[in-house]
Amino acid sequence: MSARKKKTQISVYLDPDIMAMLSDYAARREQSQSMIAEAAIASFLSPDDAERREAVIANRLDQIDRRISRLERDLGISIETLAVFVRFWLTTTPALPEPAAQAARARAAERYESFITALGRRIAKGPKLRQEIPEDVEREAR
């Protein structure tokens with residue numbers, strides 16, 4: 001029969017909030033605070049702790065990559081929408097003579113205010129243009 005190794009005692013200073021959390025956890029689990037602290041330290045120092053952290057970081061990076069992909073898609077839609085609108089507007093809108101241009105500028109200010117109001121409502125309530133365009137449109141175009 002092998003002799004059981006005696007554990008070494010250490011003194012640790014804990015923040016009062018951490019100590020309260022340790023006490024509560026130990027009471028809920030009906031285990032000693034020493035055993036909970038020992039298990040936590042062992043987990044922290046174990047070789048697979050680094051692997052767990054790496055997996056968590058990789059997962060987070062994957063989430064960030066997906067978000068960036070959506071941002072790139074949304075930005076592409078915005079740029080193409082603006083380009084199509086400008087091209088259409090330039091090809092369909094003739095230049096006005098000066099007396100009519102002054103009246104058109106006055107009317108344009110009113111129309112611009114209406115546009116900004118409508119845009120604000122749409123942004124606040126939706127739906128968003130990007131929601132109206134299917135995700136697979138970009139893949140089909142390739």
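How much accessible surface does the protein have, and what share of it belongs to carbon and sulfur atoms?

1. The accessible surface of the protein comes to about 13200 Å², and 60% of this belongs to carbon and sulfur atoms; such areas come from the Shrake-Rupley method with a 1.4 Å probe, and for residues only the protein chains shown count as cover.

2. Please keep the origin of the values in mind. This is a predicted model, in which local features need pLDDT of at least 70 and side-chain atom pairs count only at pLDDT 80 or more, while totals for chains, interfaces and linings use all residues. Residues are numbered from 1 along each chain as its sequence is written, and side-chain values use heavy atoms, with hydrogens and water left out.

3. The protein has six helices and zero strands, giving the pattern α-α-α-α-α-α along the sequence; here helices (H or I, at least four residues) and strands (E, at least two) are DSSP runs, numbered from the N terminus.

4. On overall form, the radius of gyration of the protein is 32 Å, whereas a compact globule of 142 residues would have one near 14 Å; the radius is taken over C-alpha atoms, and the globule rule is 2.2 Å times the number of residues to the power 0.38. Taken along the principal axes, the C-alpha atoms fill a box of roughly 105 × 40 × 20 Å.

5. Of the 142 residues in the protein, 6% are buried, where buried means under 20% relative accessible area, exposed means over 50%, and partly exposed lies in between (1.4 Å probe, protein chains only).

6. Helix α4, residues 98-125, has 28 residues and reaches 40 Å from its first C-alpha to its last, close to the 40 Å expected at 1.5 Å a residue; the expected span is 1.5 Å times one less than the number of residues. Just after α4 comes Gly126, which takes a positive phi of about 85 degrees.

7. The loop between α1 (16-29) and α2 (33-45) holds Glu30, which has a positive phi of about 55 degrees although it is not a glycine. Most residues other than glycine have a negative phi. With a relative accessible area of 71%, Glu30 is exposed.

8. Arg70 is placed in helix α3, residues 47-92, and is partly exposed, with a relative accessible area of 43%. Between Arg70 and Pro134 there are 12 Å in space, C-alpha to C-alpha, although the two are 64 residues apart in sequence.
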